[in-house]
Amino acid sequence: MTARGGEPHDMKAWPPIPPDRIVDPVGAGDVFLSALLAVRVDPGLVGGRIQHNSDLLLAAAAGSLVLEGPGMLGVPTRLQVLTRMVRAIGLRVQSGATVD
């Protein structure tokens with residue numbers, strides 16, 4: 001991938017984490033970006049492993065969880081996010097996908 005100005009730029013990705021149910025999609029993108037910003041500011045939230053896409057995993061988990069509750073009640077706790085992250089990693093390992 002090339003960024004503006006022609007300089008090479010690496011793109012990171014993490015597959016979506018499906019919610020258990022969808023109650024309210026409003027705010028999912030905001031929570032995803034907020035979680036991504038939080039982990040970039042404090043890499044300790046994922047044990048300093050942002051180079052292994054743990055930042056995107058945390059953001060995807062938070063975005064997935066916010067769909068499951070109405071409005072601000074859907075914003076997940078840190079424990080809920082960590083639990084969803086563990087589940088997502090387990091599902092990737094079971095499917096044979098690599099986990100960096």
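This tour moves through the structure in a series of selections and states what is found at each.

The model is predicted, so that local features need pLDDT of at least 70 and side-chain atom pairs count only at pLDDT 80 or more, while totals for chains, interfaces and linings use all residues. Residues are numbered from 1 along each chain as its sequence is written, and side-chain values use heavy atoms, with hydrogens and water left out.

**Helices α1 and α2**

Select residues 28–41, which form α1, and then 54–66, which form α2. Helices here are DSSP runs (H or I, at least four residues), and strands are runs of E of at least two, numbered from the N terminus. Two packed helices are described by the angle between their axes and the distance between the axes. For α1 and α2 the angle is about 150°, and the axes are 8 Å apart. This makes α1 roughly antiparallel to α2. The word is used for angles over 145 degrees, with those under 35 counted as roughly parallel, 65 to 115 as roughly perpendicular and the rest as oblique. Axes are lines fitted to C-alpha atoms, for helices over the stretch in contact, and the angles run from 0 to 180 degrees between N-to-C directions.

Next, display the side chains where the two helices meet. From α1 come Ala28, Val31, Phe32, Ala35, Leu36, Val39 and Arg40; from α2 come Asp55, Leu56, Leu58, Ala59, Ala60, Ala62, Gly63 and Val66. By class, this contact has 12 nonpolar, one polar and two charged residues. Nonpolar covers Ala, Val, Leu, Ile, Met, Phe, Trp, Tyr, Cys and Pro; charged covers Asp, Glu, Lys and Arg; the others, Gly among them, are polar.

**Valine 46**

Now select valine 46, in the loop between α1 and α2. Valine 46 is buried, with a relative accessible area of 2%. Buried means under 20% relative accessible area, exposed over 50%, and partly exposed in between (1.4 Å probe, protein chains only). Apart from residues up to four places away in sequence, valine 46 touches Val39, Ser54, Leu58 and Met85, where contact means heavy atoms within 4.5 Å. Leucine 58 stands 12 residues from valine 46 along the chain, and their C-alpha atoms are separated by 7.7 Å.

Move on to glutamate 68, in the loop between α2 and α3 (78–95). Glutamate 68 is buried, at a relative accessible area of 11%. Leaving aside neighbours within four places in sequence, its contacts are Pro19, Asp20, Arg21, Val23 and Arg84.

Which residue forms a salt bridge with glutamate 68 in which the closest N and O atoms are 2.9 Å apart? The partner is arginine 84; a salt bridge requires a side-chain nitrogen of Lys or Arg within 4 Å of a carboxyl oxygen of Asp or Glu. Arginine 84 belongs to helix α3, 16 residues from glutamate 68. Arginine 84 is buried, with a relative accessible area of 6%.

Glutamate 68 also forms a salt bridge with arginine 21, the closest N and O atoms being 4.0 Å apart. Arginine 21 lies in the segment before α1, so this pair ties together parts 47 residues apart in sequence. Arginine 21 is partly exposed, at 48% relative accessible area.

**Aspartate 20 and arginine 87**

Finally, select aspartate 20 and arginine 87, whose salt bridge has its closest N and O atoms 2.9 Å apart. Aspartate 20 is in the segment before α1 and arginine 87 in helix α3, 67 residues apart. Arginine 87 is partly exposed, with a relative accessible area of 33%. A search of the whole structure finds five salt bridges.
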